[in-house]
Amino acid sequence: MKKIKYLIVLTSFIFTTTAFGNSIFSKVDNFENINNSLAVGIISSYVDYLENITALKSAYPDHANDTERGVINGLSFNAKSVFSGVYTDFYADYSLGHLTYDGALQDPPYDSVVGYTNQQIFNANAKLGYVIIDRETFQIIPYIGGGYRYWDRSFTSTINREKYSHFDVVGGVKLNFA
């Protein structure tokens with residue numbers, strides 16, 4: 001747990017100094033630096049999953065409730081750009097690892113299963129916008145975008161495999177100021 005705390009603090013420090021460092025320590029075109037960037041990073045996710053099966057059907061024994069807990073690690077990538085007033089932003093991350101599993105088979109005789117599950121999580125987002133106001137001290141960029149989420153979880157013994165995915169649509173306004 002200590003390693004995770006240190007990793008979070010270090011990552012936060014790096015992102016804070018990267019995000020605010022240019023505006024504090026130099027007098028270059030802030031918006032060019034903000035809008036044109038490339039980042040590669042490490043991502044850690046704490047997963048605490050509970051599936052309350054006994055609430056669905058009284059025939060299930062108490063040990064049939066599924067729990068998965070643990071930390072999985074991965075990589076992230078982010079590229080942002082403004083070219084001729086067109087704003088683009090692409091983000092993706094991929095995590096892979098194992099979580100501790102405590103539950104039961106969902107078919108009779110509902111045998112207990114304790115072990116590890118394999119996890120894969122993938123997220124991607126893309127945004128597209130246009131700089132409608134570009135002043136010396138601020139910019140306004142409305143944008144639209146979309147994203148995709150994918151989660152693949154399976155037992156190490158391949159008893160059961162579940163895949164989840166969904167798409168989302170986003171819209172908003174980005175405000176840059178100096």
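Me: Why is Leu-128 called partly exposed?

Reply: Keep in mind that this is a predicted model. Leu-128 has a relative accessible area of 47%, and partly exposed covers the range between under 20% (buried) and over 50% (exposed). So 47% puts Leu-128 in the partly exposed class. The residue sits in strand β4, residues 112-130.

Me: What makes Leu-128 part of a nonpolar patch?

Reply: A patch residue needs over 30% relative accessible area, and Leu-128 has 47%. The patch is formed by Val-86, Leu-128, Tyr-130, Ile-132 and Ile-144, with about 500 Å² of accessible area together.

Me: How do you know that Ile-42 is exposed?

Reply: The cut-off for exposed is over 50%. Ile-42 comes in at 54%, so the label is exposed. Ile-42 belongs to strand β1, residues 37-51. Leaving aside neighbours within four places in sequence, Ile-42 still contacts Gly-74, Leu-75 and Ser-76. Its C-alpha is also 7.3 Å from that of Asn-73, 31 residues away in sequence.

Me: Why is the pair of Phe-122 and Tyr-148 called tilted?

Reply: A search of the whole structure gives five aromatic pairs. For Phe-122 and Tyr-148, the ring centres are 6.5 Å apart and the planes are at 50 degrees. Stacked needs under 30 degrees and edge-to-face over 60, so 50 degrees makes this pair tilted. Phe-122 is in strand β4 and Tyr-148 in strand β6, 26 residues apart.

Me: What makes the pair of Tyr-148 and Phe-167 tilted?

Reply: Here the planes are at 45 degrees and the centres 4.8 Å apart, so this pair is tilted too. It joins strand β6 to strand β7 (residues 161-177), across 19 residues.

Me: Is Phe-167 buried or exposed, and why?

Reply: Phe-167 has a relative accessible area of 66%, which is over 50%, so it counts as exposed. Tyr-148, at 25%, counts as partly exposed, and so does Phe-122, at 30%.

Me: Where is confidence lowest, and where is it highest?

Reply: Helix α1, residues 2-25, is lowest with a mean pLDDT of 52, whereas strand β6, residues 138-155, is highest at 94. Over residues 17-27 the pLDDT is below 50, and this stretch has five contacts in the model beyond near neighbours in sequence.

Conventions
Residues are numbered from 1 along each chain as its sequence is written. This is a predicted model: local features need pLDDT of at least 70, side-chain atom pairs count only at pLDDT 80 or more; totals for chains, interfaces and linings use all residues. Side-chain values use heavy atoms; hydrogens and water are left out. Patches are made of residues with over 30% relative accessible area and no salt bridge: like charges are joined within 9 Å, nonpolar side chains (Val, Leu, Ile, Met, Phe, Trp, Tyr) within 5 Å. Accessible areas come from the Shrake-Rupley method with a 1.4 Å probe; for residues, only the protein chains shown count as cover. A salt bridge is a side-chain nitrogen of Lys or Arg within 4 Å of a carboxyl oxygen of Asp or Glu. Helices (H or I, at least four residues) and strands (E, at least two) are DSSP runs, numbered from the N terminus. Buried means under 20% relative accessible area, exposed over 50%, partly exposed in between (1.4 Å probe, protein chains only). Contact means heavy atoms within 4.5 Å. pLDDT is the predictor's confidence in each residue, from 0 to 100. Rings of Phe, Tyr and Trp (its six-membered ring) pair if their centres lie within 6.5 Å; planes under 30 degrees apart count as stacked, over 60 as edge-to-face and the rest as tilted.
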